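The paragraphs below are meant to be read alongside the model. They begin with a set of paired strands and go on to the ligands, the core and some individual residues.

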Amino acid sequence: MSDNKGVRRVNEDLARERANCSFDVREITFLLDGGENNTITRKKIEDFTLTDELLSDKVPDECLSPKEKYENAVRKSCLFGKLVKDKLLEFGGLETFGPNSFVLRRIADAFFKEISPLLLHLGMFVPTILGQCTAEQQSEWLPRALSMQVIGTYAQTELGHGTFIRGLETTATYDPETEEFVLHSPTLSSFKWWAGGLGKTVNHCIVVAQLHTKGQCHGTHPFIVQIRDLETHQPLPGIKVGEIGPKLGFNTADNGFLGFDKYRIPRMNMMMKNAQILKDGTYVKLDRHGKMTYGTMVFIRVMVVNEVAFNLAKAATIAVRYSAVRRQSEKKPGEPEPQILDYVTQQHKLFICIATAHALQLTSDWLWRTFSGVVTDIKHGKTDSLPEFHALSSCLKAISTSDAALLIEQCRHSCGGHGYMMSSNLPLIYSFVTATRTYEGDYTVLLLQTARFLIKAWEQAEAGKPLTPTVSYLTKYFKDGRVPWDSTSEGIVNAAYGVAAGKISACVKSIRNRVKTGLSYEDAWDLTTVQLVAAAEAHCRAVICDVYRSEAVRLTEKSSPNVRAVMRQLTTLYLHYWALERIGDLLRYSAVSEEDVVALQQKYEELLALIRPDAVGLVDAFDIRDEILNSTLGAYDGRVYERLMEEALKSPLNAEPVNRSFHMYLKPLMQGKL
Ligand SMILES: CCC/C=C/C(=O)SCCNC(=O)CCNC(=O)[C@H](O)C(C)(C)COP(=O)([O-])OP(=O)([O-])OC[C@H]1O[C@@H](n2cnc3c(N)ncnc32)[C@H](O)[C@@H]1OP(=O)([O-])[O-]
Ligand SMILES: Cc1cc2nc3c(=O)[nH]c(=O)nc-3n(C[C@H](O)[C@H](O)[C@H](O)COP(=O)(O)OP(=O)(O)OC[C@H]3O[C@@H](n4cnc5c(N)ncnc54)[C@H](O)[C@@H]3O)c2cc1C
């Protein structure tokens, strides 16, 4: 299905793989896109936007200086922004595709090898206006933000604090005399640090600061702050702003720092949906739940699951296609060199990547639907579902980003030396995804948030109180104890829940035993955090296994038999992979026997063999165009070696036969004249 526009000749091995695929690739594309209509619209938009004129870079981005890279990214962001504004809305905007199909995000990958400096504008600035402003404030800020007169970012993290939001030091002190807030950075560690686009691009930002009024601090609140002049783009007096320097990735995102020297903003620049300051300085709290100002973070955590699923699909596409083209070594003496995809160890590295991309995509669609329900509840003043949703989105964000980063790195390893080339795009995909494990809530910190909820749920189960849906399995565990083993998919999912329940139970015991020795609850909790993180991870894995299995069955109800078969093979592979990965836990918390373990391993290896002939078809079904993949190793036509050489020749070092350093240093060294 992938666009093969401009293809001269498809590599023979890839062509044969495609001819032998057992199913109609388009059927799986439609499933992943959420229906044929979505696929048709997406492809129309891709045809329309991915034009050579906008995409061509004479010099590869990675050969540019940091400054040139940034300037190129701004140029492309503006072209991309104009395209979206002028043309894409003709297709009905994002709503046409459903909020979870992320068409624009997909297309953006063709424009930016790294990140758009405007990502935070649409990704966080606009959503925070929607989530944290009153209707009146929205009518003032939204039109200006959507027409790009106001370009913004989200500046919460400081040099000294990212995780512990309550510890942020920037202050916003209300002055009733002038009806203004005075923003101030009292220490070096209070400088804002990290916000994308802050370094050079934006003219406004959302600043999260400690609100002081009438001599009292009311905790952190968000404010809209203009930081640069709209005409000259110079920082305004009282603002110290700059870029934070080179990073592992995100090098076109101009992440920035920001400090305030008693900088004044109007009272109405406080985002007032959840709390207000009246003219006289009276503080009015409207948020009954207490954590509504964390709403943008929850929203982004939901989006990130989809983001990493797509990036893993990209890495799997590159690695599987390359593994079908690449031939290396001999299986038996004198035999022709096999495609490396024929090595079982290679299949073990890669098929779990395809299955995980599906698992995360389907889980993300389910999470989005659940989130939409929570948002509707909140609109009607109901916040009861928030604690469970916070626990769910926290662990899914942590596990999906961590799994995706590890598996993308595995894809890179599976491509040998060529996977190390920037032109394979695997290093950039990895550097992007590994950051998702940290930003919007660090892995450990978020799992501990989930653990907090799980321990409370356990106590509720003990007290015989009803439990919310994602933890209702604890009630069953209370009744039946250790789970029986059953090697069906349903049985493995049940066992995964059993492991989670067993681990939560062990944490509860551990905390209580420690408290009995005289420790405070906080100290007992702290000493148990290694187990608590593992329990939250086990809970999250059980949820993903459950959702993936049930969603795959539901989605393929009307599919052709071959598509149903291959989708079932993938879900079964996923469940077996994780059962084997966590065999120690299963031995501890379920009735699995030694023989069952042997059978699990055997079945897993049989599944690798069954999936092998369809592997290329499965990654083709992700339907990621060459312009978006940006990879010498993963292009649809498989012209790997030609592309590697073409890209190498673009290196600026190849523009001249002899570099001047020869005359300046090497020659004098060779002649003993240095
Ligand atoms: C492209 C890249 C863009 C990147 C952008 C960024 O990174 S932007 C920067 C992104 N930065 C980050 O992501 C920073 C990550 N850090 C954080 O999100 C918070 O500091 C925290 C959640 C770790 C702790 O917060 P805290 O110290 O205020 O809270 P606490 O632990 O004392 O718990 C008190 C109660 O609150 C509950 N509760 C908490 N959060 C939520 C919620 N969202 N919803 C609902 N409930 C929530 C919690 O469950 C607990 O309930 P319980 O048990 O009492 O019933
Ligand atoms: C690429 C990138 C882009 C970003 N973009 C933005 C942005 O646009 N806007 C913005 O505001 N921020 C942004 N951030 C900041 C990001 O949100 C924070 O880095 C993140 O929330 C982690 O916080 P931290 O850096 O303070 O880590 P720390 O909290 O200092 O974490 C360091 C270590 O301490 C551990 N730790 C911390 N607290 C605990 C605890 N309670 N229990 C156990 N272990 C703990 C962590 O697990 C970790 O191992 C970005 C970060 C990155 C990397």
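Two strands pair if DSSP finds at least two bridges between them. Helices (H or I, at least four residues) and strands (E, at least two) are themselves DSSP runs, numbered from the N terminus. This is a predicted model, in which local features need pLDDT of at least 70 and side-chain atom pairs count only at pLDDT 80 or more, while totals for chains, interfaces and linings use all residues. Residues are numbered from 1 along each chain as its sequence is written, and chains are lettered from A and ligands numbered from 1 in the order in which they are written.

Strand β6 (residues 216–226) runs antiparallel to β5 and is joined to it by 9 bridges. Thr-213 has Gln-216 in β6 as its bridge partner. The two strands form a hairpin with 2 residues between them, and Lys-214 in the turn has a positive phi of about 45°. β5 also pairs in the parallel sense with β1, over 2 bridges, and there Ala-155 has Val-207 of β5 as its bridge partner. A further parallel pairing, over 3 bridges, links β5 to strand β2 (residues 171–175); here Thr-173 stands opposite His-212. A residue is buried if 20 or more other C-beta atoms lie within 10 Å of its own, exposed if 12 or fewer, and partly exposed in between, with C-beta atoms placed from the backbone.

A residue is near a molecule or strand if its C-beta atom, placed from the backbone, lies within 6 Å of it. The shell of ligand 2 has 22 residues, of which Gln-156, Thr-157, Gly-162, Thr-163 and Trp-194 come nearest. The largest share, 3 residues, comes from α13. For ligand 1 there are 23 residues, and Ile-165, Tyr-294, His-390, Tyr-439 and Gly-441 come nearest. The elements giving two or more residues to that shell are α9, α11 (386–414) and α13.

What is the size of the largest nonpolar core, in residues? The core has 187 residues, and those with the most contacts inside it are Leu-312, Ala-316 and Ile-408. Such a core is a set of buried Ala, Val, Leu, Ile, Met, Phe, Trp, Tyr and Cys residues joined through C-beta atoms within 7 Å. Helix α9 (residues 295–325) supplies the largest share, 21 residues.

Helix α17 (residues 529–555) has 27 residues and reaches 38 Å from its first C-alpha to its last, close to the 39 Å expected; the expected span is 1.5 Å times one less than the number of residues. Since 19 of the 27 residues are buried, α17 is largely enclosed by the rest of the structure.

Two residues deserve a look for their backbone angles. Most residues other than glycine have a negative phi. Met-148, however, has a positive phi of about 65°. Met-148 lies in the loop between α8 (135–146) and β1 and counts as partly exposed because 15 C-beta neighbours lie inside 10 Å. Asp-254 has a positive phi near 30° and sits in the loop between β7 (239–243) and β8 (256–260). Asp-254 is buried, because 25 other C-beta atoms lie within 10 Å.
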